[in-house]
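The sequence and structure come first.

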Amino acid sequence: HPNLYTMEEFMELGNEILDGQLDAIINSQEANQCCVLIYTSGTTGEPKGVMLSQDNITWTSAHASRAGDVQPAEIQQEKIVSYLPLSHIAGQMYDLWTGIKWGEEVYFAQPDALKGGLVEVLREALPTSQMGVPRVWEKMMEKIKEASSQTGLLKRKMLSWAMSATLEQNLSCSNRDSKPFWMGLVDSLLLSKIRGALGLSQCQKHFSGAAPLPVEVSHFFLGLNIPIYEGYGMSETSGPFCISGPHVYRLHSCGKVVPGCHVKIVNEDKDGHGEICFWGRNVFMGYLNMEDKTKEVIDQDGWLHSGDLGKMDQDGFVYVTGRIKELIITAGGENIPPIPLEEAVRKELPLISNAVLIGDRKKFLSMLLTLKCSVDPDTSEPTDFLTQEARDFCQKAGSKATRVSEIVQSRDRAVYRAVQEGIERVNGRSTSNPQRIQKWAILGKDFSISGGEFGPSMKLKRQTVAEKYQNEIEAFYKD
């Protein structure tokens, strides 16, 4: 194969370069010079070239990773699997720079890992640390649920009880050493087998980043004795700025600020929610050839304004609640963060894959919904076939549908009634009438990267969704 080298052959290539030439290159590098360009995914506008300096990269790879309890090779050989796009900061910082800094053993997955082959790679590599965006953890959860639904009734009930009991114990007991004997027995007999099937039998740290982790997902994995440590950051902060780990963990929080950095909440409302701002050596140099855009996000005191809404508790744990630009401001002036309502609908209706709240400058709130369906392993495209979990929901509702098209084209009475009842239950918990979802529609196909609704790191592109489904949205507000 051309351009394929053994490590020995690769090292031989360096013999062609004179030492003096290498020394000149090395000596010309300065800490404040640009090291890499990371282009933002453009979920809130045109992509921008984020300039990260040599110091940004070296400082963050050393300090942020240690805050997450990543160990140097002389203490423990960390093993990770690289599968996220290396053009984005999450994959690049976690897979490359941290790996170089601490001597990690990095397994590079095949390009189709996100099409369903990731678990096979995890089983081979047996990582000690695993990082996934929320959508990856969610897909793992769905696969486990689907596999469980196809087992016998007794096994299914045993697993359900074991996970429920383990979750309850984990939620009420933060100290692992004080957990009862039965919990260890249940873990070794049942739960450890599932972790082994996922390739996570030796994994000590499970991370999530790039977007908020749904409560349902964090609870599901906590029921498997897999606490998922959330991190929070941006391309503009060289990756993680707040991070959780085995010694810094609070459910639903993205942890505490990396030591040596500072975080503050500005323009707080009565509940303590405001914009999250950062200061530290991991804050970027600026946007390439966009001085005006740089000045928009970095103030005169050097604080980076994230554009994210959040709060910080008295112990310094940070919670992200949404983006300022994603905040829905209705025609009546009501400010509504979409994520809590979207999560509530998905939790109430297990057949829903994606829920997108609509209502900016509108008279009332509406919602676009997609159904959980299987994915084509070759193209990663969502198919027309419902997942087992979605089919089970339909059967309980009184429908025999097995395809998305069956439900949408015929407006399946049983399924639509069940969805409306779920929406009404969510509305019943609303604090005011403007926060109630008045209308909704089920789309004919689930979201995907190729469809444009997701960015490369599986982050929802709300602006694209609003443009792509403009006709459906306009139909909500016709008199």
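Two strands are taken to pair if DSSP finds at least two bridges between them; helices (H or I, at least four residues) and strands (E, at least two) are DSSP runs, numbered from the N terminus. This is a predicted model, in which local features need pLDDT of at least 70 and side-chain atom pairs count only at pLDDT 80 or more, while totals for chains, interfaces and linings use all residues. Residues are numbered from 1 along each chain as its sequence is written, and side-chain values use heavy atoms, with hydrogens and water left out.

A second open sheet, of five strands, has the order 5-6-7-8-9 and mixed pairing. Strand 5 (129–132) and strand 9 (256–257) are the edge strands, each pairing on one side only.

| Strand pair | Sense | Bridges | Opposite residues |
|---|---|---|---|
| Strand 17 and strand 18 (residues 365–371) | antiparallel | six | V356 and L368 |
| Strand 6 (residues 205–208) and strand 7 (residues 228–234) | parallel | three | S208 and E230 |

**The second largest pocket**

On a 1 Å grid over the protein atoms alone, a pocket is an open set of points where a 1.4 Å probe fits, with protein on both sides within 12 Å along at least five of seven lines; lining residues have an atom within 4 Å of a point. The second largest pocket holds about 860 Å³ of space, a volume being the space filled by probe spheres set on the points, which are joined across faces, edges and corners.

Its lining has 35 residues, with L114, K115, K139, V375 and S380 nearest the centre. Helix 5 (118–125), helix 6 (134–149) and strand 19 (373–375) are the elements that give two or more residues to this lining; helix 6 supplies the largest share, seven residues. Because domain 1 (69–227) and domain 2 (328–477) both contribute lining residues, the pocket lies between them; the domain bounds come from an automatic or database domain assignment.
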